[in-house]
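Subject: Structure handover

Hello,

Here is the structure we talked about. Please open it and keep it beside this note while you read.

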Amino acid sequence: MRAAEPFQFVTASYLVRIGNQKAASLLELSKGIEDCSDASIFYHTFQSLGRHHFLTEGFSNDFAQWVLASCNRPALAERLASLDIRDYVSLADLRGDLRRILGDSCAENPREAQQAAFEMFYFCETVEEEVPTDRRAWTLEELRDGLKEMGHASLQFHFLTSRLRLHLRTNDFSRWFAKDLALKELARQVDQIDIYTNTLDSARTRIIQFIDRCIAGEFRA
Amino acid sequence: MSQTQTQAEARVNKLDDYAAVLGSGEIADLRALAARLAGRTVQMVNSTSVGGGVAEMLIRIVPLMCELNVCIRWDVITGGDDFFAITKAFHNALHGGRFDLPDESFKTFLAYTEQNRARMQFDADFTVIHDPQPAALIDARRNHAGHWIWRCHIDLSNPNERVWRFLAPYVSRYDAAIFSSPAFAQPLGIPQYLFYPSIDPLSEKNRELAPEFVSATLQRFGIDAARPILTQISRFDRLKDPVGVLRAYQSVKRYLDCQLVLAGGGAADDPEGEAVLAEVREAAGTDPDVHILDLPPWSALEINALQRASTIVIQKSLREGFGLTVTEALWKRKPVVASAVGGIPTQVIHKHTGLLAHSVEGTAYQIRFLLSNPAIAQRLGERGHEHVREHFLITSNVRRYLTLFLHFQNAA
């Protein structure tokens, strides 16, 4: 089966820009989340999950990890960690929920909110550079071959951060399966892969398995 | 390891050699990024071609960039003994130490900078100036030509005010500055980027070793391969707290059988190192399970073997820059117990890629926990390896430079 439009493989690469904000307490973290750039929210949430994809037990975002390790507040850390980036297609919404959780906690425990953390939290930002490669896929077989050779940053770009780019709760692969190959079941299966409990490599393996099953005729269009 | 050895092994390491540890996709990404920089020129400038971490890094990065068809040149500034005495004093002062030299030393520094500016050629698209010694070469930039980047490899979290006040106006004229930790960033008015230090997985200190060599190394130092080995690799320096490590080991030993290896160098040519070594030996007493090894600088393979033979690697520093010995241990899939100082928490994500501690007692507890839970220890080691593979290898450094150059190019 040949797609209406090809899948364009992109090599993505990321720089970390050090911001000029830092936080030494929960209160300062809460204020920092209000004021920091969208690129900073992105770095500490979407990017953090990609950077730590090999941690599949309880690592979610930098804010939650800092609250746990530097402020020793496991309940609050758990609430922050429970924010699932797959639910967000806008950084403003994600920032709003982070602010709400931290704001509520600081209001409930004003003294604890001002306690000094073990380590400082430094706000950083992502700078993304994307480079379309010469590689395109017109068929499932070609996409599978490209996936096998894709670096982690590119996989992160196509599978994880695509939501913000597309403003859709999906990823580049699923979108292509559904839109250009009319393979909605394959798109759904790939979209359901849980990136919190998979590494990028195991997610890649599962996508390839789904593609193989689709090629073998297991999925209906 | 001697410089000659370093250069020799760096010469034989090709990009494709790294594919075995990184996967071909990562190497393909580097090639794709570099292709966008075709025809662009890069100049790296530092203060020495041999010895020191920056030279060792450039020795490895420059050939890889060349292989990626990036036209790169590496230049080294020159100066008399008086210049390097001043830059050494700058270095210590920027780390937070005193600066007692007269104001005249700033003039001497600038006079040597001017000599270097007149002697050297600056026409690259991207000029990367490493560390404070050549920082004032920004004067050589004409009409905002090219992109100039200052790469600071030292801990600037608490700089001596007098020296930083002198250097900051030069640094502020660059297009960007690069630091090894967010904690080192300064209010400069230019974009500041985070580039982690890195290790070379194919170097003698990090490459895979034959089990026979590891066994032979243990035998040579009288270490029992059949019993748990706790190791700290570090200079004999009070900031590495070797006596604290010994106290933690003694506490563990009350409950669990184990040996301690404290291996490092720096005692032969450093009076303080000699004193610290003596303190450690005295604290160890006659315990036959404590192995204190003062190793010469060319012991990369032996250090590699000791790390690989270890059950747990410790880094109980009181202060730390980044802690590349931690990176090396994590790369070798070792469970690490380390202090939460400097760049260590970036590498040791508590309970994910290792365990952090804040005291002798805490260190002892975490060691006991790992000795009693080998499956958890193994899992931490595996994740630590992945963490290093993603972020702290020499190829990641190449990628960051390429991305930064590309970022400038696209912005222009």
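Two residues are in contact if their C-beta atoms, placed from the backbone, lie within 7 Å. Helices (H or I, at least four residues) and strands (E, at least two) are DSSP runs, numbered from the N terminus. This is a predicted model, in which local features need pLDDT of at least 70, side-chain atom pairs count only at pLDDT 80 or more, and totals for chains, interfaces and linings use all residues. Residues are numbered from 1 along each chain as its sequence is written, while chains are lettered from A and ligands numbered from 1 in the order in which they are written.

Confidence first. The predictor gives the complex an ipTM of 0.91 and a pTM of 0.90. Residues 1-8 of chain B fall below 50, with 13 contacts beyond near neighbours in sequence. Where pLDDT is low, the predicted coordinates should not be read in detail.

Now chain A. It has 12 helices and 2 strands. Their order along the sequence is β-α-α-α-α-α-α-β-α-α-α-α-α-α. The C-alpha trace spans about 65 × 30 × 25 Å along its principal axes. Of the 221 residues in chain A, 47% are buried (20 or more other C-beta atoms within 10 Å of the residue's own; exposed means 12 or fewer, partly exposed in between).

Look at helix α10 of chain A, residues 172-180. Its buried residues are D172(A), F173(A), S174(A), W176(A) and F177(A). They pack against β1 (7-23), α8 (152-159), α9 (162-166), α11 (184-191) and α12 (200-215) of chain A. Just after α10(A), A182(A) takes a positive phi of about 55°.

Next, the contact between the chains. Chain B gives 33 residues and chain A gives 29. On the chain B side, α3 (24-35), β6 (192-194), α15 (374-391) and α16 (394-411) each supply at least two residues. That side has 16 nonpolar, 9 polar and 8 charged residues. Here Ala, Val, Leu, Ile, Met, Phe, Trp, Tyr, Cys and Pro count as nonpolar, Asp, Glu, Lys and Arg as charged, and the others, Gly among them, as polar.

Last, a helix pair in chain B. Helices α9 (residues 242-253) and α14 (residues 360-372) of chain B pack at about 50°, with axes 8 Å apart. Axes are lines fitted to C-alpha atoms, for helices over the stretch in contact, and angles run from 0 to 180 degrees between N-to-C directions.

Best wishes

Terms used. pLDDT is the predictor's confidence in each residue, from 0 to 100.
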